[in-house]
Amino acid sequence: MDKYRKDKKGQTQIIDLMIAFSIFFVALIAIFGYFNFYSARLQENIFGEDLHEKAFMFTEIILSDGKPENWNYSNVQIIGLTKYDRHIEARKFDTLRNSVTYTNARNLSGLSGFEFLINLTKFDGSPIGSYGSAEDLSGKEVISLRRVVFYENDTARLEVKVGNFVEALANCC
């Protein structure tokens, strides 16, 4: 009779151990799943913050005088479109659109690896001009900033879109 009790006690301990390991592994899987979920969300937030930073930086660059102040396509170092605070100079905007390559503009603006599009319109909605990526921006990670500016003594709307389209496509699929 005494031997029978020892065997049952041993079986009970093994069953308790198996239940404890099962609970431990379920908890471990839950913790790893939770960590993976928040790690992915953190990565998305970092990407979004980087995109916001690039968009604001690029907008400030193009709303500056540029370097040199009276740059042309052959000597441009920084692409600034204004002659003074928020007054877009038509000559600089036309030079950018007609003479500066898109790749060169991206590199000079610190947007290597990012795409951009600049739209300049009058307040009545009629277009003045645009420059940048002609790629369809819908459904992609894009930050769009709008600024009120002056263009040829009239108010206008400057819209700047910045996105990392290649990485956004890689992250989505």
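## A walk from ring to ring

Start by selecting R157 and F123: R157 lies over the face of F123, at 4.9 Å from the ring centre. A charge sits over a ring if NZ of Lys or CZ of Arg is within 6 Å of the ring centre and within 35 degrees of the ring normal.

A word on what's on your screen: it's a predicted model, where local features need pLDDT of at least 70 and side-chain atom pairs count only at pLDDT 80 or more, while totals for chains, interfaces and linings use all residues. Residues are numbered from 1 along each chain as its sequence is written, and side-chain values use heavy atoms, with hydrogens and water left out.

Next, pick F58 and F116. What separates their ring centres, and at what angle are the planes? The centres are 4.7 Å apart and the planes are at 45 degrees, so this pair is tilted (rings of Phe, Tyr and Trp, with its six-membered ring, pair if their centres lie within 6.5 Å; under 30 degrees is stacked, over 60 edge-to-face, the rest tilted). F58 belongs to helix α1 (residues 2-62) and F116 to strand β3 (residues 115-122), 58 residues apart in the chain. Helices (H or I, at least four residues) and strands (E, at least two) are DSSP runs, numbered from the N terminus.

Buried or exposed? F58, at 1% relative accessibility, is buried, and F116, at 2%, is buried too (buried is under 20% relative accessible area, exposed over 50%, partly exposed in between, with a 1.4 Å probe and protein chains only).

Last stop: β3 and β4 form a hairpin with four residues between them.

Key:
Pairing = 2+ DSSP bridges.
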